[in-house]
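Me: I have a protein model open and want to talk it through. Can we go step by step?

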Amino acid sequence: MSLRLSTVILPHRRWHEGGRAAWTRAEQLGFHAAYTYDHLSWRSFRDGPWFGAVPTLTAAAAATERMRLGTLVTSPNFRHPVTLAKELISLDDISGGRITLGIGAGGTGFDATALGQEPWTPRERADRFAEFLALLDRLLTEDTVSYKGDFYAAHEARTIPGCVQRPRLPFAVAATGPRGLRLAARYGQAWVTTGDPKLFEKGTPDQSLRALRTQAERLADACAEIGRDTGEPDKVLLTGFTPDRNEPFRSLDAFVDFAGRHREAGFTEIVVHWPIPESDFAIDEKVFERIAMEAPAQLG
């Protein structure tokens with residue numbers, strides 16, 4: 001099974017002070033895709049520069065030619081399906097059909113309260129996500145949509161001319177629980193995971209790999225329930241949140257070993273963070289570039 005290698009570039013640098021250079025270099029290095037977080041702010045970067053995902057991806061689309069681009073991930077925390085659909089259609093047009101929407105239920109971080117609301121309960125996040133995803137799917141595949149749900153509404157919303165990619169741009173649905181995995185099976189051209197968060201602090205790499213295999217098996221079960229080919233959705237691992245942390249990036253050999261074990265577990269795409277000094281993603285840039293240029297050939 002072939003394995004694609006992608007990167008995620010956090011939107012923390014001004015476009016003309018290193019931002020543009022990262023995206024163009026990612027394409028030069030041969031990454032399959034370059035994604036960015038879609039947050040209003042994020043963890044240790046909260047009190048520093050942080051730019052919007054959609055304008056950043058628009059600029060990246062103009063600065064690159066071949067590489068796929070996308071969010072990893074968008075959530076309902078501060079977005080509405082109608083306005084997001086319009087932005088995605090525009091992005092897909094500007095990029096020439098290179099956009100993937102990574103999308104998840106969101107969490108309890110800064111995005112959850114930035115608009116002045118109380119954080120949603122896990123149940124409400126799950127309910128909103130299911131409705132958001134279903135409506136967004138319609139908006140990206142139909143010219144006109146009217147809808148009234150528990151959380152979202154659309155009145156004769158026009159989304160003409162639709163996506164360049166047909167019937168719509170691909171969704172990469174982030175999920176770990178049963179309900180989210182069922183949504184990934186129904187709507188996702190890909191499934192995204194960061195592993196089991198309970199294992200991050202005290203788990204082992206072997207425990208993490210077993211947990212990821214279990215998640216993938218549950219996705220296959222969810223696909224089988226609706227009659228979908230269990231091997232059809234791509235399986236994407238966003239690195240940096242498993243007990244391995246940055247150990248796979250000590251050397252090219254360490255990464256090839258890490259990626260090879262996850263490929264054997266069924267993953268088709270591995271996403272690595274673009275190096276950021278003095279952060280959780282402080283990877284040696286020379287090792288990072290070697291991984292980008294040499295690992296795909298070794299992994300087949």
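Reply: Strand β10 (residues 269-273) runs parallel to β9, and 3 bridges join the two. Strands pair if DSSP finds at least two bridges between them. Helices (H or I, at least four residues) and strands (E, at least two) are DSSP runs, numbered from the N terminus.

Me: What kind of model is this, and how are residues numbered?
Reply: This is a predicted model: local features need pLDDT of at least 70, side-chain atom pairs count only at pLDDT 80 or more, and totals for chains, interfaces and linings use all residues. Residues are numbered from 1 along each chain as its sequence is written, and side-chain values use heavy atoms, with hydrogens and water left out.

Me: Back to β9. Which residue of β10 stands opposite Leu237?
Reply: Ile270 in β10 stands opposite Leu237.

Me: How many bridges pair β8 with β9?
Reply: There are 4 bridges between β8 (residues 190-193) and β9, in the parallel sense. Thr193 stands opposite Leu237 in β9. The chain goes from β8 through helix α6 (residues 205-225) to β9, in a right-handed β-α-β crossover.

Me: Why is β9 largely enclosed?
Reply: Strand β9 (residues 234-238) has 4 of its 5 residues buried, so the rest of the structure largely encloses it. Buried means under 20% relative accessible area, exposed over 50%, and partly exposed in between (1.4 Å probe, protein chains only).

Me: New topic: Arg228. Where is it, and is it buried or exposed?
Reply: Arg228 sits in the loop between α6 and β9. Its relative accessibility is 15%, so it counts as buried.

Me: What does its side chain reach?
Reply: The side chain of Arg228 reaches the backbone oxygen of Ala185 at 2.6 Å. That is a polar contact: a pair of N or O atoms within 3.5 Å; within protein, one must be able to donate a hydrogen and the other to accept it, and residues adjacent in sequence count only if both atoms are side-chain atoms. Leaving aside neighbours within four places in sequence, Arg228 is in contact with several residues, including Arg186, Gln189 and Pro233. Contact means heavy atoms within 4.5 Å.

Me: What about Thr141? Where does it lie?
Reply: Thr141 is in the loop between α4 (122-139) and β5 (144-148). It counts as partly exposed, at 37% relative accessibility. Its side chain reaches the backbone oxygen of Asp137 at 2.8 Å.

Me: Which residues does Thr141 touch, leaving aside its neighbours within four places in sequence?
Reply: Thr141 is in contact with Pro167 and Arg168. Pro167 lies in the loop between β6 (153-158) and β7 (171-174). The peptide bond from Arg166 to Pro167 is cis, with omega near 5 degrees.

Me: Where is the cis bond with omega about -5 degrees?
Reply: That one joins Leu72 and Val73. Val73 is in strand β3.

Me: And what is the phi of Glu156?
Reply: Phi of Glu156 is positive, about 45 degrees, although Glu156 is not a glycine. Glu156 is in strand β6 and is partly exposed, with a relative accessible area of 44%.

Me: Where does Arg245 lie, and what is its phi?
Reply: Arg245 is in the loop between β9 and α7. Its phi is near 50 degrees, a positive value in a residue other than glycine. Arg245 is partly exposed, at 36% relative accessible area.

Me: Now a helix. What do the buried residues of α2 pack against?
Reply: They pack against α1 (19-28), β2 (33-36), β3 (68-74) and α3 (81-94). Among the buried residues of α2 (residues 53-63) are Val54, Leu57 and Ala61.

Me: Last one, the whole chain. How many helices and strands?
Reply: The protein chain has 8 helices and 10 strands. Buried residues make up 54% of its 300 residues. The C-alpha atoms fill a box of roughly 55 × 45 × 35 Å, taken along the principal axes.

How values were computed
Right-handed = clockwise from strand over helix to strand, strands pointing away.
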